[in-house]
Amino acid sequence: MLERYLTAASTYAHWVDYQFILIAVLVGFWLIVAEAVMFWLIFKFRAKDGRPTQYITGEEKQQTRWITIPHFLVIVCDLVIIVPAILLWYNIKQVLPPADETVRVIAQQWAWSFQQAGPDGVLDTADDIRTVGELHVKVNTTYHFELRSRDVVHSFSIPAFRLKQDALPGRAITGWFRANRVGTYDIQCTQMCGVGHAMMAGRIIVETPQDHAAWLQRNASPAMAASAAVPEAAPEPPASHGAIVAEARP
Amino acid sequence: MSASAKPISNTRSGTGIPTARLITWWVIASEIVIFGGLLASYVMHRIGHPEWAEAASHTNFWAGAFNTLVLLTSSLCAVTAHKAADAHEGARAAKLLRITALGGLVFLCVKAFEWSSDIREGYVISSGGFWSFYYTLAGLHGLHVLAGMIIMLIVAADAAKNRELQRVECIGLYWHFVDIVWIFLFPLLYIAR
Amino acid sequence: MSEHAAPGIFERYFFSTDHKIIAMQYLFTGMGMAMIGGFFAYVFRMQLGFPNQNVPGYGIVTAGKYNALVTMHGSIMIFWVAMPVLIAAFGNFLIPLMVGCDDMAFPRINRLSYQIFLLSALVLLSSFLVKGGPFGGAWTAYPPLSASGAYNLTPVGATLWLVAVALEFVAFLLGGINFIVTTMNSRAPGMKMYDIPLVVWMIVLASVIFMASVGPLIAGAIMLLFDQTMSTGFYDPTRGGDPLLWQHLFWFFGHPEVYVVLLPAMGIVAEVIAVFARKKVFGYKTVLYTTWAVGFLSFVVWAHHQFVAGIDPRMANIFSVTTLLISVPITEMVFLYIATLYGGSIRLDTPMLWALAFIGEFMIGGVTGIFLGSSGTDIYLHDTYFVIAHFHYTFVPIAIIATFAGLTFWYPKMFGHMLNETLGKIHFWGTIVTFNVIFIPLFITGTAGDQRRVYSYAQFAEQARPALQHLRTTSTIALLFMLAFQFIFLFNFIWSFRHGKTAGANPWRSATLEWTVPSPPPHGNFAQLPTVYRGPYEYGLPGYADDFVPQNVPDLAISIAGETD
Amino acid sequence: MARQAQPESHMQAEAHVHHPNYIKVWAILVALLMVSVLGSFSHIRPVVLFAAFGVAVIKAALVAKNFMHVTVEKGWVPYLLIVCLLFVVILFAGVAPDVMKHSGEHWNKPLANQPAQGAAAAKHE
């Protein structure tokens, strides 16, 4: 259902969509029934001459039955919703499948920058590839991302992956995704982060392993790694705050 | 002004508790969550940051202990004023309330002395997490002391003329509450290291 | 009640301690703020519907201005419209009248409450005049964005916003505690706990919830104020603070706040439905029990606003369960309202239309909340337009629809004249239809991934699709119509002051106490203070000629029987 | 449904409490304060903590009972105050897992976890 509106490009995107449909069906049923009953009652008991109103307290057993029975059915529906919802949450946010690759995502006013391992396959070495605004990943590969923020609260959202996680200064938060469809998708910031909030867009480019390897080679040359891949486009965070990592504590 | 005539709603007592005391309890309840929110924030930070103990060791322990004594004693005066008011001895209640307010003044003077020596030593509100909480908690509490003193003097002025004696108890309740907050602030800010 | 000479106009309308005057002050201030908030909605919806065009009456909407507009729209509509109108205006007007006393228990505290509230509104509006403009960091004001002028670029505006909100809290603490005390202590003789009309119950419970939940946020606001002005580091992680603390303190208040405004709306709707269906509210006590349950549960669900905010993911499970739990008493309450219609004799006058529309629309808001409360789907839907559509389907029924139900219902009591029914119905249908056309498209754009608080989707290829833009434009055009229909109400409201049909004491043939006094009620309300003999909803009581029995009418037949026993 | 109207029942209550010997209560409070003060010089942590916080709770209870007469007040008043305290406890329980702790499931606070060497994390830059 959601895919009509937006591509699903990660493994758990479909899980989210199924849960969405499950809830839609259940609550939609109740909504329609409740609205129908309401309109029927309004019609049935419209004021008519010679038909007096009835005195019903709604406190006797055979009257409250009309409330308690649907009420328990609602509880059952709640259970049917909550159990898969928590399982879904558990599988997306609490269980991290083993990582094939790791990427560091750094949010700042108002850009996304990414750091991933270079040809040596290890993060935090000299040949790391740093990019701004563009994240290149391999299809069908489990990525862990480590999310940080340099200044204010941002939110790392890839709608096509059904992925969202706030980035907080002073915190490193780990999550995962596994893209399963080649293409270019949006990265949004979904938390108000200042004047440039609407400009804080990024792209995630899901590539075949071959394309990804070629991209890696293109960007792994020392010269590229040193200068071009980290342009000055991203504004520096204000001096007194910002530093998620660098400045020593006062 | 027409408002000086009390409405009948003020004189009714559906709960059996007079309106003045009833509203005092609700004010205290709302203050519990205000101080509670701040204290909870402080406690969780303090447990999370054992290194703040170093900063905490610079607080003036004896000033805190003396202030506790001052507040306990002023609470005694306040409750004695309540007793006097119950006996319809307005003048005596007023005198005791003024002594209570004097206790508040002593408390604030000690506080002023303490803070100025803290500041002279270079510990200001922005000197670190502990000091931020220290000044905020004690400052909010000090504001309540100040507000209590002002209301107390107004109540005392009425009580001296044997008017509105029920207010003596209410301001006393508030004062005891402020006292209780300090009873917890004292170990939290001065003893825990 | 006063034996003094009639006070001058200034004293009478600006420094009065009469609860009815204070209610009007709150009402008109709230309506004025609603116009400002509505104008902001118009401006930023125009930007979304017709990007980067000159907005008539405003100009070009830049990113910074957009942020300020949405922030102010949210803050104003919740704190300066829903709260003052639903709780303060109706509470002030109705509580003394409905519990049968002459005024609030503490009239001068009541006046002080309004004065502080007015000050808070002025402080907020003054932020439009300062350098940098008003605060633009969303009504949730998450630090560090809100804590530092270097980040939000509105250093003065951010502080003014915070001070205004804090003052507003103080005003409603004073007002709310006054409501609680008045209802507890000043009821007419004979009015037992279960004889209190539901709207009074609900306003009082809302005040209790407000009182118990706002404290930590007041503490949090002090900390944020010091972060802004004294360079403390309460929310600065580089100095031992934690930005999540504010989010928790904010939502610990922010979620109960939803129920703070919902409950008075539910109460108003209960009164209106009972009167126009000529029915006793179905299961009065059950309604109250569910209200208490909702009130308590509302304190343990707050972090569902923070599922993806960086809280520990294990905590999300607990809050997800409690969130779905709270749907149980709310559902029950709505069922009870619908059941009240059964066996009635329903007249569809304008107030009743609004009340029924409240139930019908609020149910949509309620069920869409399930999508967000279940943590799994919230990962995707959080901070999208789905959320916006969802909470507007709750807040518009609360703050607009229920308010209109209450205003049209009690207008005769407030001003002594009837509103025009034809204009009222045109206004009703115009508002309800356009309301749905505004927000149903937003459910779709939200499901398609539109994120909130973004003034332009040009940067986002998936969101910049024309299909989605058409939906946004539809929503904007519907908003223009909805706003236009409000002028009909405004005209009706002002015109009927003078020209409306004279109302009489009890035009709706209602059983509660406020209808036993003249319209508008004189100073002091009751010529002779009433005694209460029965519950508030005795409609169609067998053995009576009339189909309603007011609360203050003694039950002769049975009391005579009692004497002969 | 009908019932006899209650007579205008509610007089403002006169002296609703019996006044205990306040000097004695005060003396106990001062003695407890001494315990806190003396306890703080102990080097045994549990002793310090009890002398500080255990005694504070006792002192608060004494003030509430004897000066504020909470126990004489209508039953719901102490419950109201306790419920407000309960909400503070709920707040603490909901917030502490994030704010008090420095790491949790898939998250940590790099700065707080390396207090001595905040600069060590600088290698990420």
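# Sheets, helices and contacts between chains

The model is predicted, and local features need pLDDT of at least 70, side-chain atom pairs count only at pLDDT 80 or more, while totals for chains, interfaces and linings use all residues. Residues are numbered from 1 along each chain as its sequence is written, and chains are lettered from A and ligands numbered from 1 in the order in which they are written.

## Chains A and B

Chain A contains four helices and ten strands, and along the sequence its pattern is α-α-β-β-β-β-β-β-β-β-β-β-α-α. Of the 250 residues in chain A, 43% are buried, where a buried residue has 20 or more other C-beta atoms within 10 Å of its own, an exposed one has 12 or fewer, a partly exposed one lies in between, and C-beta atoms are placed from the backbone. Contacts (C-beta atoms, placed from the backbone, within 7 Å of each other) join residues at least 24 apart in 69% of the cases in chain A, counted among contacts between residues at least 6 apart in sequence.

Chain B has seven helices and zero strands, and its C-alpha trace spans about 55 × 30 × 30 Å along the principal axes. Of its 193 residues, 58% count as buried. For chain B, 80% of the contacts between residues at least 6 apart in sequence join residues at least 24 apart. Chains A and B share no contact, and their closest C-alpha atoms lie 8 Å apart.

## Two sheets

One open sheet has seven strands in the order S3(A)-S2(A)-S1(A)-S5(A)-S8(A)-S2(D)-S1(D), with mixed pairing. Its edges are strand S3 (129-132) of chain A and strand S1 (103-104) of chain D, each with a single partner strand, so one side of each is left without a neighbour in the sheet.

Another open sheet, of five strands, has the order S4-S10-S9-S6-S7 in chain A, and its pairing is also mixed. Strand S4 (134-138) and S7 of chain A are the edge strands here, each pairing on one side only. With direction ignored, neighbouring strands of this sheet are turned by 20° against each other on average. Helix H3 (residues 209-220) of chain A packs on the sheet and touches S4 and S10 of chain A, its direction making about 135° with that of S4(A); such angles run from 0 to 180 degrees between N-to-C directions, and axes are lines fitted to C-alpha atoms, for helices over the stretch in contact.

| Strand pair | Sense | Bridges |
|---|---|---|
| S1(A), residues 101-108, and S5(A), residues 142-149 | parallel | seven bridges |
| S9(A) and S10(A), residues 202-207 | antiparallel | five bridges |
| S6(A) and S7(A) | antiparallel | five bridges |

A:Thr184 has A:Ile205 in S10(A) as its bridge partner, and A:His154 has A:Ala167 in S7(A). The hairpin of S6(A) and S7(A) has four residues between the strands, and in it A:Arg162 takes a positive phi near 55°. S7(A) is mostly covered, with five of its five residues buried: A:Leu163, A:Gln165 and A:Ala167 lie on one side, and A:Lys164 and A:Asp166 on the other.

## The contact of chains A and C

Among the five pairs of chains that touch, chains A and C have the most contacts. In this pair, 82 residues of chain A are in contact with 85 residues of chain C. On the chain A side, the elements that give two or more residues are helix H1 (13-44), helix H2 (61-94), strand S6 (154-158), strand S7 (163-167) and strand S9 (183-189). H2(A) gives the largest share, 17 residues. By class, this side of chain A divides into 48 nonpolar, 20 polar and 14 charged residues, with Ala, Val, Leu, Ile, Met, Phe, Trp, Tyr, Cys and Pro counted as nonpolar, Asp, Glu, Lys and Arg as charged, and the others, Gly among them, as polar.

## A helix pair in chain D

Helix H1 (residues 22-39) and helix H2 (residues 45-67) of chain D pack at an angle of about 165°, and their axes are 8 Å apart. That makes H1(D) roughly antiparallel to H2(D), as angles over 145 degrees count as roughly antiparallel, those under 35 as roughly parallel, 65 to 115 as roughly perpendicular and the rest as oblique. By class, the contact of H1(D) with H2(D) has twelve nonpolar, three polar and one charged residues. Among the residues of H1(D) that meet H2(D) are D:Val25, D:Ile28 and D:Leu29, and the residues on the H2(D) side include D:Val47, D:Lys59 and D:Asn66.

Key
Contact = placed C-beta atoms within 7 Å. Pairing = 2+ DSSP bridges.
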